[in-house]
Amino acid sequence: MVKDINDFKRVGFGLLPTPFYKLENISKRLGHNVFIKRDDMTGVSLGGNKVRKLEYLLADAQSKGCDYVLTAGGPQSNHAMLTAACANRIGIKSILVLKKRGVTDKRGNLVLDDILGADVRFVDSDSYDDVYAEMHRIEDKLKADGHNPYFVPVGGSVPLGALGYIGCAKEIFEQSKTAGITPDRIVSCVGSGGTYAGLALGAKLYSPGTKVTGVGVSDDLFEEIVLDLMRGASELLESDKEITESDIDIKYCFGKGYSIPSPEGTEAITMLAHEEGLIIDPVYTGKTFAGMLNLIREGYFRKDENIIFVHTGGAAALFAMDLA
Ligand SMILES: *Cc1c(COP(=O)(O)O)cnc(C)c1O
């Protein structure tokens, strides 16, 4: 490996490192050692995982002299909302191109998008191809008007964004060491893949004994996408480590589909709230925690493993939809 993530430009948006500690009550209840990495507390807007990716992506935008950032997502996209928030910090205007499906009235993240002053445009289609086509039309128009837009794909899940989660993995290894525990297992959500890709690559590079298990929260398979992201990020670091499917471990727990609250997710949300006073969300972290509970019940983890659950944020969705 020739490069380190510190060799890349980064805007210091986040309040890092985020907290890391043991969930004492949950650990007792489940009979497993469960720790939490609080990336819901990254410190911009209401926090969440996208801040770490945006630190690299918007640094790239800044170094290219961009005055606009364009990104896409569902109507309740945490990523789009955090893009607007981070862009505000460095004086870049944001245009959020959102799929007009699901909760599109002014609730949850759409309230925050509005407060943040983002320019929200809806695309009435089921397909992200149409969303991207609209983004490219907006991009061309901006360029014709003399602007310099920066394009961030859904979830910021490109290799450069994934570097943010190599950073998170490094924090986890550092904090585990301070706490005197071995980081046997990291469990994280797989939404668009960048978070998992960064964590899994971080483990491979800096803590090969750590297994990283992802929980997919939509009915799309993510193995290929994650493999490409890991290889792309590894290439940025000029690493010669070979990355194969055996580096990837993704399970699925999406209920009826992406962004549809599930009874299992609600059980997880209620459990964490009652045991730990912690709030997770119905779209991502609730289903991820539910997936982890399923794996614990199936005996997938060794009894003595230290399991680190990455809380990626997302609570604004609780104010946009009813729990299942
Ligand atoms: C985007 C998001 C995820 C998924 O992260 P990816 O990098 O897209 O896989 C998980 N949790 C929350 C709250 C998110 O907003």
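Mentor: The axes of helix α6 (residues 159–179) and helix α8 (residues 223–236) come within 9 Å and cross at roughly 85 degrees. Axes here are lines fitted to C-alpha atoms, for helices over the stretch in contact, with angles from 0 to 180 degrees between N-to-C directions; helices are DSSP runs (H or I, at least four residues), numbered from the N terminus. That angle makes α6 roughly perpendicular to α8, a label for 65 to 115 degrees, while under 35 counts as roughly parallel, over 145 as roughly antiparallel and the rest as oblique. This is a predicted model, in which local features need pLDDT of at least 70 and side-chain atom pairs count only at pLDDT 80 or more, whereas totals for chains, interfaces and linings use all residues. Residues are numbered from 1 along each chain as its sequence is written, and side-chain values use heavy atoms, leaving out hydrogens and water.

In α6, P159, L160, A162 and L163 meet L229, G232, A233 and L236 of α8, where contact means heavy atoms within 4.5 Å. This contact divides into seven nonpolar, one polar and no charged residues; Ala, Val, Leu, Ile, Met, Phe, Trp, Tyr, Cys and Pro count as nonpolar, Asp, Glu, Lys and Arg as charged, and the others, Gly among them, as polar.

Helix α6 also packs with helix α7 (residues 194–206): their axes come within 7 Å and cross at roughly 50 degrees. The two are therefore oblique to each other. Residues of α6 in this contact include A162, Y165 and F173, and those of α7 include T195, L199 and Y206. By class, the contact of α6 with α7 has eleven nonpolar, four polar and one charged residues.
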